Amino acid sequence: MGSPHPIRVFLLDDHEVVRRGVAALLEAAGDITVVGEAGTAASALARIKATRPDVAILDVRLPDGSGVEVCREVRSELPEVGCLMLTSFADDEALFQAVLAGASGYVLKQIHGSDLVGAVRTVAAGGSLLDPASTARVLERLRHAADETPDRLEGLSQQERQIVALIGEGLTNREIGKRLYLAEKTVKNYVSHVLATLGLQRRTQVAVLATELRQEEASRQGTAGAAGASGPVGDRRHGGEPRRA
């Protein structure tokens, strides 16, 4: 029996026979309706904007681009749309890029029909389909990338790094002194050394740098958190039971 509010799905695959097969499979589930489809990356984004699906099933490899790029655009402009990547090959690089793009799941085209239906329901409910092994590989890749990130505060002591962060928060030398239990003159000397070490001329440049570093750290933590939120959950939006894909 169909749901009064069926899950709306958009299909992106360059093979028409694949789109037809997937559409027939999903429509047969009763609580899913296919609201649009596309065969190229170029046409997909406009159609997704027009149809506003709950879930976009995106082929990773396309003749004119990548489903990962489409996913990134969709998640940026329509964050309420869940993206499920569909591919013929297990590819760690594609998986990594898909996670960074904001995909909720990554499944092979060899997936059983019932599992694909369950995957769509899970993504529609706001869940993730990244299995623990895949999540572990992505997190390891993120940690490795973080280890290779240049230290933009190289040459500064821990105390000076704290002062940079507090300058970024807009504190004056006197306020920083109170926070760190230092004399105002001592803070001033620290700031002078920070400027000289980093090759900067003005305090405002330090504040800008501190803001950039804070945003970079927030971005890394947000990506790692998204990768760590693995495992399917119940279909909260459409009232379904928890399923495994």
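This is a predicted model: local features need pLDDT of at least 70, side-chain atom pairs count only at pLDDT 80 or more; totals for chains, interfaces and linings use all residues.
## Helix α2 and its buried face

A residue is called buried here when its relative accessible area is under 20%, and exposed when that area is over 50%. Helix α2 spans residues 41–51, and its buried residues are Ala41, Ala44, Leu45, Ile48 and Thr51. Looking down the axis of α2, you will find these buried residues within an arc of 145 degrees, so they line one face of the helix.

What lies over that face? The cover of the buried residues of α2 includes the strands β1 (7–12), β2 (32–38), β3 (55–59) and β4 (61–62), along with helix α3 (67–77). Turned away from the buried side, the other face of α2 carries the exposed residues Ala42 and Ala50. Just after the helix comes Arg52, which takes a positive phi of about 50 degrees.

## Where α8 meets α9

Now to a pair of helices further along the chain. Two packed helices are described by the angle between their axes and the distance between the axes. For α8 (residues 173–180) and α9 (residues 184–198), the axes come within 8 Å and cross at roughly 110 degrees. A crossing angle of 65 to 115 degrees counts as roughly perpendicular, and α8 and α9 are therefore roughly perpendicular to each other.

On the α8 side, the residues that take part in the contact are Asn173, Arg174, Ile176 and Gly177, while α9 brings Glu184, Val187, Lys188 and Val191. Sorted by class, this contact of α8 with α9 has 3 nonpolar, 2 polar and 3 charged residues.

How many disulfides does the model have? The count is 0, where a disulfide would need a pair of cysteine sulfur atoms within 2.5 Å. For Cys71, the nearest cysteine sulfur is that of Cys83, 3.8 Å away, and Cys71 is in no disulfide. Cys83 is likewise in no disulfide, and its nearest cysteine sulfur is that of Cys71.

Are these two cysteines buried or exposed? Cys71 has 0% relative accessibility and so counts as buried. Cys83 is buried too, with a relative accessible area of 0%.

## The protein as a whole

Stepping back, the secondary structure of the protein comes to 10 helices and 7 strands. Of its 245 residues, 39% are buried. Among contacts with a separation of 6 or more, 67% are between residues 24 or more positions apart.

Conventions
Residues are numbered from 1 along each chain as its sequence is written. Side-chain values use heavy atoms; hydrogens and water are left out. Buried means under 20% relative accessible area, exposed over 50%, partly exposed in between (1.4 Å probe, protein chains only). Helices (H or I, at least four residues) and strands (E, at least two) are DSSP runs, numbered from the N terminus. The arc is that of the directions from the helix axis to the C-beta atoms. Contact means heavy atoms within 4.5 Å. Axes are lines fitted to C-alpha atoms, for helices over the stretch in contact, and angles run from 0 to 180 degrees between N-to-C directions. Angles under 35 degrees count as roughly parallel, over 145 as roughly antiparallel, 65 to 115 as roughly perpendicular and the rest as oblique. Ala, Val, Leu, Ile, Met, Phe, Trp, Tyr, Cys and Pro count as nonpolar, Asp, Glu, Lys and Arg as charged, and the others, Gly among them, as polar.
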